[in-house]
Amino acid sequence: MLKANIETTNICNAKCVMCPCKDMTRPKGIIKEALLKKILTELPDDVREVCLSLFGEPLMDNHIVLIMKTTKELLNPSAKLMFFTNGSLLGEWVNKSIYKYLDEIVISFQGYDKESYQKNTMLDFEISRIAIQDFLQVKPNTLKASVVMLNMGHTIEQKAKFKALFDPYGKIVPARNWDTFQTGVDGTKIQCGRPLSLNVLWDGRVVLCCRDYEATMVLGNLNDSTIAELWDDAKNVNLRNVFKMGRKPLDICKNCYPV
């Protein structure tokens, strides 16, 4: 296990056109402190990265500072701590803690001007832009940061506008549908590494993949078992071995685009 994704919350303040979070039907909530501590103390020593987000906006949780502090204290010192955010809620109350505890932050900014951003996210362009730019201006060099926009057919001019907003942190990445599968031109299978990570939802359920936003493939529940028990369960070991061979054995995988 090289990476653990821990969904601190699946609540989000944005309604991004490309994200399934807005259409999610599973219950919304915030991870309990006791469950978080249990997960962190049970993580194996070989975990090299912990991401405090899956679906939802981590800054929607008023306890996110405590979560970052607790995670950093209990995590293997050599492991990286990071999360994804839309950046709209960055501000003085949380910025100093992010500077102190996080090793990496990825900020999603889906637009190149006021009209495109607000259409794509339903968030206020100026509030988000100012919050992100202020955050980046004083962040320490030890904190790796990037601001990403999905390339949804943008022109060269539109891409340039986006990069100018957050230079040198702006990155444009390929847009990938949540329900299209990646194969080579010749139909060859492409190995997916997502099931080789630990993917924990806010309520303690462990899902096969960090893209399974509706929890359709639950491998176990960390309220009822330890990480070691779940990870070493024969059926889960066999499932990971299948993925290591580049196969896509499950229905949920047939409509997925692994990256």
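User: Leu201, buried or exposed?
Analyst: Buried. This is a predicted model, and in it Leu201 has a relative accessible area of 1%.

User: Where does Leu201 lie?
Analyst: In a loop. Leu201 lies between β7 (198–200) and β8 (205–207).

User: What is Leu201 in contact with, leaving aside its neighbours within four places?
Analyst: Glu7, Arg26, Leu54, Val207 and Ala215.

User: And how far is the C-alpha of Leu201 from that of Thr8?
Analyst: The two C-alpha atoms are separated by 7.4 Å. Along the chain, Leu201 and Thr8 are 193 residues apart.

User: Switching to cysteines. How many disulfides?
Analyst: The count is 0.

User: What about Cys209?
Analyst: Cys209 is in no disulfide either. Its nearest cysteine sulfur is that of Cys210, 4.6 Å away. The cut-off for a disulfide is 2.5 Å.

User: Are Cys51 and Cys209 buried or exposed?
Analyst: Cys51 is buried, at a relative accessible area of 1%. Cys209 is buried too, at 10%.

User: Now helices. How do α2 and α3 cross?
Analyst: At roughly 10 degrees. The axes of α2 (residues 64–74) and α3 (residues 92–101) come within 10 Å. Angles under 35 degrees count as roughly parallel, so α2 is roughly parallel to α3.

User: Which residues meet there?
Analyst: From α2, Ile64, Val65, Met68, Lys69 and Lys72. From α3, Trp93, Val94, Ser97, Ile98 and Tyr101.

User: Which α2 residues are buried?
Analyst: Ile64, Ile67, Met68, Thr70 and Thr71. Ile64 and Met68 also meet α3.

User: What do the buried residues of α2 pack against?
Analyst: Besides α3, they pack against α1 (33–42), β2 (49–51) and β3 (80–85).

User: You mentioned α5. Where does Arg129 lie?
Analyst: In α5 itself, which covers residues 125–138.

User: Which side chains does Arg129 have polar contacts with?
Analyst: Glu126 and Gln133. The side-chain contact with Glu126 is 2.5 Å. With the side chain of Gln133 it is 2.7 Å.

User: What does Arg129 touch, not counting residues up to four places away?
Analyst: Phe109, Leu165 and Phe166.

User: One more residue. Where does Ser146 lie?
Analyst: In strand β5, residues 144–151.

User: Buried or exposed?
Analyst: Ser146 is buried, with a relative accessible area of 7%.

User: And what does Ser146 touch?
Analyst: Ile105, Val106, Ile107, Tyr169 and Lys171, not counting residues up to four places away in sequence.

User: Quick recap on the buried ones: what were the areas for Leu201 and Ser146?
Analyst: Leu201 has a relative accessible area of 1%. For Ser146 the value is 7%.

Definitions and conventions. Residues are numbered from 1 along each chain as its sequence is written. This is a predicted model: local features need pLDDT of at least 70, side-chain atom pairs count only at pLDDT 80 or more; totals for chains, interfaces and linings use all residues. Side-chain values use heavy atoms; hydrogens and water are left out. Helices (H or I, at least four residues) and strands (E, at least two) are DSSP runs, numbered from the N terminus. A polar contact is a pair of N or O atoms within 3.5 Å; within protein, one must be able to donate a hydrogen and the other to accept it, and residues adjacent in sequence count only if both atoms are side-chain atoms. Contact means heavy atoms within 4.5 Å. Axes are lines fitted to C-alpha atoms, for helices over the stretch in contact, and angles run from 0 to 180 degrees between N-to-C directions. Angles under 35 degrees count as roughly parallel, over 145 as roughly antiparallel, 65 to 115 as roughly perpendicular and the rest as oblique. Buried means under 20% relative accessible area, exposed over 50%, partly exposed in between (1.4 Å probe, protein chains only).
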